[in-house]
Structures are given as structure tokens and as C-alpha cells.
Amino acid sequence: TALSASSVSLIPPTAPESFCCKKFFQLCGLSQKSPKEVKDVFRILDDDHSGFIEEAELKFFLQRFVPGARVLTERETKAFLSAADDDNDGKIGIDGECLYL
């Protein structure tokens, strides 16, 4: 995948409220990935294959890359969703800006 376990390990699994999607994507280099690689990451996160990443899927973001990692807190999940939900429909489409940071 475009993100590796070592990228996710930059976020301590026991540190609630420490996750910042912008910082995470900068540290793991997602902003340097090709559109295909970004779409591959999106497909990993889109667990129900709806074409969107909903809040329930986003909560388990870290676990998609490192089994046993912590779930995002409600506040982290809502902040992540807010950063990428351009049309305020409560979900992130493939064109969500947070995936390109």
C-alpha cells in the first residue's frame, strides 16, 4: 500500500487526542504519492466499498495499517472528517482534500 506500518507507528497508539491528519499525511509522505496510490489508500479505508469514507470507517483509520493500533477518539474522528468533508455531507469522497495533504 501507499502507507506503511512504520508511517502509522509515528502516532503512539496509547496517546488519545494526539492524532492530526495533516501532520500524519505530511510525515508519511502521502502528499508525494501518485493519484493511483492515493486511491489505493482510499479503497483500504472505504471498508464497505460505498465510494465514501464515513465516520464509522474513519474511527478505525490507524487499525487499517497497524493491527492492534488504537481507534481514533470521537473528537479526532470528527476533526479528521471535518478537514476532508468539503460538501458537509458527513462523508469523504475520493476527492477529499485531506487525502492529498
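## Packing around helix α5

In this predicted model, the buried residues of α5 pack against α2 (21-28), β1, α4 and β2. Helix α5 spans residues 74-84, and its buried residues are E76, T77, F80, L81 and A84. Seen down the axis of α5, they fall within an arc of 130°, so they line one face of the helix. An α-helix has 3.6 residues a turn, so residues three or four places apart point the same way. The face of α5 turned away from the buried side carries the exposed residues E74, R75 and S82.

T77 also gives a reference point for α4. A56 lies in helix α4. In sequence, A56 and T77 are 21 residues apart; in space, their C-alpha atoms are 8.6 Å apart. A56 counts as exposed because its relative accessibility is 54%, whereas T77 is among the buried residues of α5.

## Helix α2

Helix α2 is one of the partners of α5. In α2, the buried residues are C21, F24, F25 and C28. They cover an arc of only 90° around the axis, which puts them on the same side of α2. K23 and Q26 are exposed on the face turned away from that buried side. Just after α2 comes G29, with a positive phi of about 80°.

Helix α3 covers residues 35-45 and buries V38, V41, F42 and L45. Viewed down the axis of α3, these residues fall within an arc of 100°, so they line one face of the helix. They pack against β1 (52-54), α4 (55-58) and β2 (91-93). Three of these elements, β1, α4 and β2, also pack against the buried residues of α5. On the other side of α3, K36 and R43 are exposed. Salt bridges that share partners join K36, D40 and R43 into one network.

D46 lies in the loop between α3 and β1. D46 is buried yet has no salt bridge. The nearest side chain of opposite charge is R43, 7.5 Å away. Leaving aside neighbours within four places in sequence, D46 is in contact with G51, F52, I53 and E57.

## Salt bridges

The count comes to 6 salt bridges. One of them joins E17 and R75, at 3.4 Å from N to O. This pair links distant parts of the chain: E17 sits in the loop between α1 (5-8) and α2, and R75 in helix α5, 58 residues apart. E17 counts as partly exposed at 39% relative accessibility. R75 counts as exposed at 61%.

R64 forms a salt bridge with D47, and their closest N and O atoms are 3.1 Å apart. R64 lies in the loop between α4 and α5, D47 in the loop between α3 and β1, 17 residues apart. Both are partly exposed: R64 has 33% relative accessibility, and D47 has 45%. The side chains of K78 and E55 also meet in a salt bridge, at 3.1 Å from N to O. K78 belongs to helix α5 and E55 to helix α4, 23 residues apart. K78 counts as partly exposed at 40% relative accessibility; E55 is partly exposed too, with a relative accessible area of 29%.

## Annotated positions

An unreviewed UniProt entry annotates K91 as "binding site". K91 lies in strand β2. At 27% relative accessibility, K91 counts as partly exposed. Leaving aside neighbours within four places in sequence, K91 is in contact with F52, I53, E54, L81 and D85.

Over residues 33-68, the chain is 42% helix and 8% strand. The end C-alpha atoms of this stretch are 26 Å apart.

## The whole chain

The protein has 5 helices and 2 strands. Along the sequence they follow the pattern α-α-α-β-α-α-β. Of the 101 residues, 38% count as buried. Among contacts with a separation of 6 or more, 53% come from residues 24 or more positions apart. The protein exposes about 5,600 Å², and carbon and sulfur atoms supply 52% of it.

Methods
Residues numbered from 1 in each chain as written. Predicted model: local features only at pLDDT ≥ 70, side-chain atom pairs only at ≥ 80, totals over all residues. Heavy atoms only, no water. Buried < 20%, exposed > 50% of the residue type's maximum accessible area, 1.4 Å probe, protein only. Helix = DSSP H or I, 4+ residues; strand = E, 2+ residues; numbered from the N terminus. Arc of directions from axis to C-beta. Contact = heavy atoms within 4.5 Å. UniProt positions renumbered as here; feature names shortened; annotations may be inferred. Areas by Shrake-Rupley, 256 points an atom, 1.4 Å probe, with all protein chains shown as cover. Lys, Arg positive; Asp, Glu negative; His and termini not counted. Salt bridge = Lys/Arg side-chain N within 4 Å of Asp/Glu carboxyl O.
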